[in-house]
Amino acid sequence: MPLAERVVRALAATSAARVSIVLAPGDGEGRALAERLGIRALTAESSDEGRAASVRAAVRAAAPDSAAILFALADQPFLEAADFEKLFAAFRAEPRGVVRAQYGDQPGSPALFARAHFPELLELRGRDGGRALIARHAELVRSISLPMERGRDLDTPEDWPA
């Protein structure tokens with residue numbers, strides 16, 4: 001099962017109103033995955049720029065009534081639906097700012113941004129995604145503790161546990 005499929009399946013099992021995947025132009029395998037799982041495929045037109053291009057594509061496609069948007073990475077396949085639900089619950093309890101995962105003393109992804117931050121997300125450029133926005137609004141950030149092993153990302157085939 002492709003890494004992205006694991007993450008998408010976990011998200012699809014949550015209370016999220018809609019799940020989309022952001023792909024590079026010409027990613028036929030990713031489009032086939034989206035079609036098979038019944039989710040929307042979005043294109044990051046400037047995908048060579050980095051994460052910010054994906055963030056902008058997702059924000060542009062957000063429904064007008066979306067209270068927030070959650071960004072999850074395809075290379076974190078150990079996250080479960082319950083982990084995403086913890087972030088959603090924290091946002092529902094106080095629907096403003098940013099809710100992000102925390103693994104031990106390390107902040108990380110996924111991160112959920114309130115609609116008030118959509119204009120700033122659309123201005124992001126480069127590889128860091130929402131990191132700069134989180135730093136600018138530290139007083140509005142809530143970190144939700146998730147199990148350390150769930151935050152593990154797999155950047156190379158060697159990272160996959162034996």
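**Strands, rings and cores**

User: Which residue in strand 2 does Leu23 stand opposite?

Analyst: This is a predicted model, in which local features need pLDDT of at least 70 and side-chain atom pairs count only at pLDDT 80 or more, while totals for chains, interfaces and linings use all residues. Residues are numbered from 1 along each chain as its sequence is written, and side-chain values use heavy atoms, with hydrogens and water left out. Strands here are DSSP E runs of at least two residues, and helices are H or I runs of at least four, both numbered from the N terminus. The strand 2 residue opposite Leu23 is Thr43.

User: In what sense do strand 1 and strand 2 pair?

Analyst: Pairing takes at least two DSSP bridges between two strands. Strand 1 and strand 2 have 4 bridges, and the sense is parallel.

User: What is the strand order in the open sheet of 4 strands?

Analyst: The pairing in this open sheet is mixed, and the order runs 3-5-4-6. Strand 3 (68-71) and strand 6 (141-145) each pair on one side only, which leaves them as the edge strands. Inside the sheet, strand 4 (residues 98-103) and strand 5 (residues 106-114) are antiparallel over 6 bridges.

User: What kind of aromatic pair do Phe71 and Phe113 make?

Analyst: Phe, Tyr and Trp rings (the six-membered one for Trp) pair if their centres lie within 6.5 Å; planes under 30 degrees apart count as stacked, over 60 as edge-to-face and the rest as tilted. That rule gives a count of 1 aromatic pair. The ring centres of Phe71 and Phe113 are 5.9 Å apart and the planes sit at 65 degrees, so the pair is edge-to-face.

User: How far apart in sequence are the parts that this pair ties together?

Analyst: Both Phe71 and Phe113 are buried. Phe71 belongs to strand 3 and Phe113 to strand 5, so the parts tied together are separated in sequence by 42 residues.

User: How many residues does the largest nonpolar core have?

Analyst: A nonpolar core is a set of buried Ala, Val, Leu, Ile, Met, Phe, Trp, Tyr and Cys residues joined through side-chain atoms within 4.5 Å. Leu11, Ile21, Ile39, Leu70, Phe84, Val99 and Leu112 have the most contacts inside the largest one, and its total is 25 residues.

User: And how many are in the other core, the one that lies apart from it?

Analyst: Its members include Ala58, Phe71, Phe118 and Leu121. The total for this other core is 17 residues.

User: What does the end-to-end distance of helix 4 come to?

Analyst: The expected span of a helix is 1.5 Å times one less than its number of residues. The 13 residues of helix 4 should therefore span 18 Å, and its end C-alpha atoms agree, at 18 Å.

User: Is Gly38 buried or exposed?

Analyst: Gly38 is found in the loop between helix 2 and strand 2 (40-43). Its relative accessibility is 65%, so Gly38 counts as exposed.

Key
Buried means under 20% relative accessible area, exposed over 50%, partly exposed in between (1.4 Å probe, protein chains only).
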